[in-house]
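User: I'd like to learn how to read the features of a protein model, step by step. Could you walk me through this one?

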Amino acid sequence: MDREELYNSIADRKTKQKDFEPYAGDNGRVNRCVSLMRSGKILTGGVLLDVGAGIGDLGHAVSDLFERRIALDISPTGLYAAKMKGNETKVCDVDRHGLPFPDKTIDVVTALDFIEHIIDPESFARECYRVLRSSGDAFINTPNIRFWRHIEQLWRFGSFPHTSGDREVYHGGHLAFYTFADLCEIFGRVGFVGFTMFKDDEGYENPPDVWTRPLQPKNQEEYVKLCLEFGCPNLLFKATRP
């Protein structure tokens with residue numbers, strides 16, 4: 001079974017009737033992205049490309065904010081639901097084929113719980129840069145391996161933290177794990193600027209002093225940045241194409 005067949009098999013097993021119905025607001029990663037868009041922290045308008053879109057809930061939830069919403073995924077099963085919700089759809093294995101769109105034709109690329117599933121994140125970042133128009137945003141939602149409870153799990157109990165609620169495959173099929181600095185390096189290497197990590201209001205837990213004090217923050221700004229990186233279970237990362 002190759003990777004595409006595996007993902008299709010998993011998608012088929014997980015498919016529920018509600019996936020084909022209008023989005024009910026019950027997906028945290030979608031809600032976080034929608035909130036950032038509606039508050040003006042992520043660009044809106046023009047063309048949205050949602051990579052790893054699954055059943056297309058994001059495109060449905062922000063249908064009033066974009067002229068076009070394109071849902072891209074490896075699984076036709078999920079995209080059938082995405083199309084029923086008004087998204088344009090495209091089946092593609094990003095690791096093998098990149099993003100199948102011309103240069104500078106997309107205004108915003110989103111990838112919610114996606115980058116941890118691919119083999120070559122730098123190639124993906126390069127593809128995002130290529131297809132985005134100038135001043136376009138790339139927004140990544142991925143587990144934050146620097147979250148203090150994840151570090152504690154590894155240090156205190158000796159087992160790697162589970163960063164996915166998906167038990168279909170080991171660690172939810174995650175191939176890599178990221179920090180804010182990792183994403184800055186990956187996206188900066190291909191030309192992106194303006195890196196921002198947004199606070200995960202839904203899951204934030206203030207880190208105990210034992211995590212921040214040894215790093216000796218020089219001022220309040222450094223302390224707040226450390227709290228953000230240690231306190232958020234999810235990385236909400238934005239980069240902009242100059």
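User: How many helices and strands does the protein chain have?

Analyst: Helices (H or I, at least four residues) and strands (E, at least two) are DSSP runs, numbered from the N terminus. In this protein chain there are 10 helices and 7 strands. Please keep in mind that this is a predicted model, where local features need pLDDT of at least 70 and side-chain atom pairs count only at pLDDT 80 or more, while totals for chains, interfaces and linings use all residues. Residues are numbered from 1 along each chain as its sequence is written, and side-chain values use heavy atoms, with hydrogens and water left out.

User: What does the radius of gyration say about the protein chain?

Analyst: The radius is taken over C-alpha atoms, and the globule rule is 2.2 Å times the number of residues to the power 0.38. For 242 residues, a compact globule would come out near 18 Å, and the protein chain agrees, because its radius of gyration is 18 Å. The C-alpha trace spans about 50 × 40 × 35 Å along its principal axes.

User: And what share of the residues is buried?

Analyst: Buried means under 20% relative accessible area, exposed over 50%, and partly exposed in between (1.4 Å probe, protein chains only). Here 49% of the 242 residues are buried.

User: How should I read the contacts along the protein chain?

Analyst: A contact means heavy atoms within 4.5 Å. Among contacts between residues at least 6 apart in sequence, 71% join residues at least 24 apart.

User: Now the aromatic rings. How many pairs turn up in the whole structure?

Analyst: A pair of aromatic rings is described by the distance of the centres and the angle of the planes. Rings of Phe, Tyr and Trp (its six-membered ring) pair if their centres lie within 6.5 Å; planes under 30 degrees apart count as stacked, over 60 as edge-to-face and the rest as tilted. The search finds 11 aromatic pairs. One of them joins tyrosine 129 and phenylalanine 192: the ring centres are 5.4 Å apart and the planes stand at 85 degrees, so the pair is edge-to-face. This pair links distant parts of the chain, with tyrosine 129 in helix H6 (residues 121-131) and phenylalanine 192 in the loop between helix H8 (180-189) and strand E6 (193-198), 63 residues apart. Phenylalanine 192 counts as buried, at 2% relative accessibility.

User: Why is the pair of phenylalanine 187 and phenylalanine 237 called tilted?

Analyst: Their ring centres are 5.5 Å apart and the planes are at 50 degrees, so the pair is tilted. Phenylalanine 187 lies in helix H8 and phenylalanine 237 in strand E7 (residues 234-240), so parts 50 residues apart in sequence are tied together. Both phenylalanine 187 and phenylalanine 237 are buried. One aromatic cluster is formed by Tyr129, Phe180, Phe187, Phe192, Phe195 and Phe237.

User: Is glutamate 152 buried or exposed?

Analyst: Glutamate 152, found in helix H7 (residues 148-157), is buried, with a relative accessible area of 17%. Leaving aside residues up to four places away in sequence, glutamate 152 touches Phe157 and Trp211.

User: Which phi value does lysine 104 have, and what about aspartate 113?

Analyst: Lysine 104 has a positive phi of about 50 degrees although it is not a glycine. Lysine 104 sits in the loop between helix H5 (94-97) and strand E4 (106-112) and is partly exposed, with a relative accessible area of 44%. Aspartate 113, also not a glycine, has a positive phi of about 55 degrees. Aspartate 113 is placed in the loop between E4 and H6 and is partly exposed, at 26% relative accessible area.
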